[in-house]
Amino acid sequence: MTPLALIMIIIAYLLGSISSAVLICRLKGLPDPRTSGSHNPGATNVFRLGGKGAAGLVLVSDILKGMLPVWGGYFLNINPLLLGIIAISACLGHMYPLFFHFKGGKGVATALGALAPIGLDLTGMLFSSWIVIILLTGYSSLASMITALLAPLFTWLVKPQYTLPVAMLSCLIVLKHHENIRRFFSGKEKKIWQKKRD
C-alpha cells in the first residue's frame, strides 16, 4: 500500500465520521436522531423526524461523504482494490464516527456515493432497485439490503474489476442491518412512512 493510498483511506474515514444527520437536526431544531425515532442517524429516520427537506439534506451530504474520497482516489490512479478500501473506510466512518462517540448510521447513502465514481449506469441501477423495492414493500431497510446484495452483480456487469471491493462493502452494509432483520422477522419493522415514537 502506498503512502498516498493510506492518506486517502484516513481522509475517507474522517470525512465519513462527520454525522450529517446529527448536525442537520441540530441546525433545524429537530430531535437527536441517535435518541429519537429509530435511533439511527440516517436520512430515513430524519425523514420521519423532520420531513423531506431535512432528509434530503442528509441524503445528499451522506452521498458526498462516500463520493468525494473515492473520486479523489480514482483521479490519483489508486488501484481498484484500494479504491474499494477507501469506500469501505468512508462507510466505516459513517457507521462508527470518530467525532460522534462511534454511534452512526447504516452507511447506505455513503456507499451509494462511494460507488458512483464507478459509473452512472451502476448508480442508476442501484438507485432504481432501491426505489422499486421501496414502492413494492414500503420498507427502507429491506430495499437497502436487497440493493446491497445486488450491487456486486451490477458491478460485475459494468466494471468487473471492482466486484470484489463492492462485495466487501455489500457484506458490511447487510451486517449493519442486523437489528432491522430481527425486527422484520418479529413483525416490528416500520415502513418508511410510519412515524416512530420514543
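Which residues touch the most other members of the largest nonpolar core?

1. Ile78, Ile86, Leu115, Leu126 and Leu169 do, out of 32 residues in that core. Bear in mind that this is a predicted model.

2. Now for where the core residues come from. Helices 1 (3-16), 4 (52-75), 5 (80-95), 6, 7 (120-137), 8 (140-158) and 9 each give two or more residues to this core. Helix 5 supplies the largest share, eight residues. There's also another core lying apart from this one, with seven residues, including Ala21, Ala43, Val46 and Ala54.

3. Have a look at helix 4 against helix 5. Their axes come within 9 Å and cross at roughly 155°; with over 145 degrees counting as roughly antiparallel, helix 4 is therefore roughly antiparallel to helix 5. The crossing is right-handed. Helix 4 makes the contact through Asp62, Lys65, Gly66, Pro69, Val70, Gly73 and Tyr74, and helix 5 through Leu83, Ile86, Ala87, Ala90 and His94. By class, that's seven nonpolar, three polar and two charged residues.

4. Helix 6 (residues 108-115) and helix 9 (residues 163-176) are another pair to check: the axes come within 11 Å and cross at roughly 170°, so these two are roughly antiparallel as well. Val108, Ala111 and Leu115 of helix 6 meet Val166, Leu169 and Ile173 of helix 9. The class count here is six nonpolar, no polar and no charged residues.

5. Leu169 is worth a click. Leaving aside residues up to four places away in sequence, Leu169 touches Ala87, Ile88, Cys91, Ala111 and Leu115.

Terms used:
Residues are numbered from 1 along each chain as its sequence is written. This is a predicted model: local features need pLDDT of at least 70, side-chain atom pairs count only at pLDDT 80 or more; totals for chains, interfaces and linings use all residues. Side-chain values use heavy atoms; hydrogens and water are left out. Axes are lines fitted to C-alpha atoms, for helices over the stretch in contact, and angles run from 0 to 180 degrees between N-to-C directions. Helices (H or I, at least four residues) and strands (E, at least two) are DSSP runs, numbered from the N terminus. Angles under 35 degrees count as roughly parallel, over 145 as roughly antiparallel, 65 to 115 as roughly perpendicular and the rest as oblique. Contact means heavy atoms within 4.5 Å. Ala, Val, Leu, Ile, Met, Phe, Trp, Tyr, Cys and Pro count as nonpolar, Asp, Glu, Lys and Arg as charged, and the others, Gly among them, as polar. A nonpolar core is a set of buried Ala, Val, Leu, Ile, Met, Phe, Trp, Tyr and Cys residues joined through side-chain atoms within 4.5 Å. Buried means under 20% relative accessible area, exposed over 50%, partly exposed in between (1.4 Å probe, protein chains only). A crossing is left-handed if the near helix is turned anticlockwise from the far one by less than a right angle, and right-handed if clockwise.
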